[in-house]
Amino acid sequence: MSSTPALQQELRQNPLFAGLNEAQLSQVMDSMRVTQLAEGERLFDRGQPAQQFFLVRRGQIKLYLISAEGMEKVIDIIPSGETFAEAIMFMERQAYPVNADALAPSEIIGFDNAAFLAVLRQSVDTCFRVMAELSRRLKRRLTEIDALTLQNATLRLARFLLHHLPEGCRGPTEIQLPAPKYVIASQLSVKPESLSRIFHRLHDAGLISVEGKTILVHDPEGLRALAT
């Protein structure tokens with residue numbers, strides 16, 4: 001893949017690459033591999049040796065597990081501009097712990113773990129940036145675990161919607177759901193029919209309107225009150 005200035009600028013918007021100097025960024029970009037995925041196409045399987053981490057340049061990636069009963073549990077939805085699977089390069093057994101499929105037509109850039117680790121050995125600043133990013137994700141995971149174990153489904157959905165509102169908004173605001181409702185239901189650990197009922201209850205309470213994947217939040221403050 002051509003190392004264009006535009007792509008270099010894109011990478012520098014991501015915390016993992018922001019602190020690299022020109023030589024280090026070039027070293028990392030020399031290891032890049034680009035994958036084009038159709039909707040529903042698999043990027044990797046659970047247990048597959050993990051030699052790369054990834055950046056979603058375009059599209060969305062679903063990370064999920066399949067239970068012994070064949071039920072799908074969505075672990076995360078990775079939007080464009082975010083990286084994933086980078087923590088695996090620090091593990092003793094480097095294998096992907098989940099499956100990864102494209103939720104939409106996607107362009108994925110893979111980066112060689114060994115090349116990135118070589119750069120980390122040269123740059124203390126980059127090491128700290130990676131640690132900060134992984135700590136941020138760990139905090140988010142702990143919040144999600146708390147939500148799944150201690151909160152009811154309505155509260156989880158309210159917090160999910162608030163997470164997608166622009167920061168500081170007070171008036172009616174339109175948002176787009178990042179994935180189909182059945183995927184969101186799996187991520188929130190509720191059945192799709194239960195999620196539909198909760199959407200209806202929030203609508204009847206005057207908090208939201210739902211039109212497909214478009215959600216109009218009429219009362220952000222009311223939704224925040226529900227989520228506390």
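Which residues does threonine 154 touch, not counting residues up to four places away in sequence? The points below take up this residue and several other features of the model.

1. This is a predicted model, in which local features need pLDDT of at least 70 and side-chain atom pairs count only at pLDDT 80 or more, while totals for chains, interfaces and linings use all residues. Residues are numbered from 1 along each chain as its sequence is written, and side-chain values use heavy atoms, with hydrogens and water left out.

2. Threonine 154 is found in helix α6, where helices (H or I, at least four residues) and strands (E, at least two) are DSSP runs, numbered from the N terminus. Its partners, leaving aside residues up to four places away in sequence, are Ile198, Arg201, Leu202 and Leu226, a contact being heavy atoms within 4.5 Å. Threonine 154 has a relative accessible area of 19% and is therefore buried (buried means under 20% relative accessible area, exposed over 50%, partly exposed in between, with a 1.4 Å probe and protein chains only).

3. Two packed helices are described by the angle between their axes and the distance between the axes. For helix α6 (residues 153-163) and helix α8 (residues 192-204), the axes come within 10 Å and cross at roughly 70°, so α6 is roughly perpendicular to α8. The axes are lines fitted to C-alpha atoms, for helices over the stretch in contact, and angles run from 0 to 180 degrees between N-to-C directions; angles under 35 degrees count as roughly parallel, over 145 as roughly antiparallel, 65 to 115 as roughly perpendicular and the rest as oblique. On the α6 side the contact is made by Ala153, Thr154, Leu157 and Leu161, and on the α8 side by Leu195, Ile198, Phe199, Arg201 and Leu202. The residues of this contact divide into seven nonpolar, one polar and one charged, where Ala, Val, Leu, Ile, Met, Phe, Trp, Tyr, Cys and Pro count as nonpolar, Asp, Glu, Lys and Arg as charged, and the others, Gly among them, as polar.

4. Helix α1 (residues 5-12) packs with helix α3 (residues 22-29) at an angle of about 100°, their axes being 12 Å apart, and α1 and α3 are therefore roughly perpendicular to each other. Here Leu7, Gln8, Leu11 and Arg12 in α1 meet Glu22, Leu25 and Met29 in α3, a set that divides into four nonpolar, one polar and two charged residues.

5. Helix α3 is also the place of glutamine 24, which is buried at a relative accessible area of 6%. Not counting residues up to four places away in sequence, glutamine 24 touches Gly19, Val119, Gln122 and Ser123.

6. The count of aromatic pairs comes to 10 (rings of Phe, Tyr and Trp, with its six-membered ring, pair if their centres lie within 6.5 Å; planes under 30 degrees apart count as stacked, over 60 as edge-to-face and the rest as tilted). Phenylalanine 17 and phenylalanine 111 form a tilted pair, 4.9 Å centre to centre with 45° between the planes. This pair links distant parts of the chain, with phenylalanine 17 in helix α2 (residues 15-18) and phenylalanine 111 in strand β8 (residues 106-112), 94 residues apart. Phenylalanine 17 counts as buried at 0% relative accessibility.
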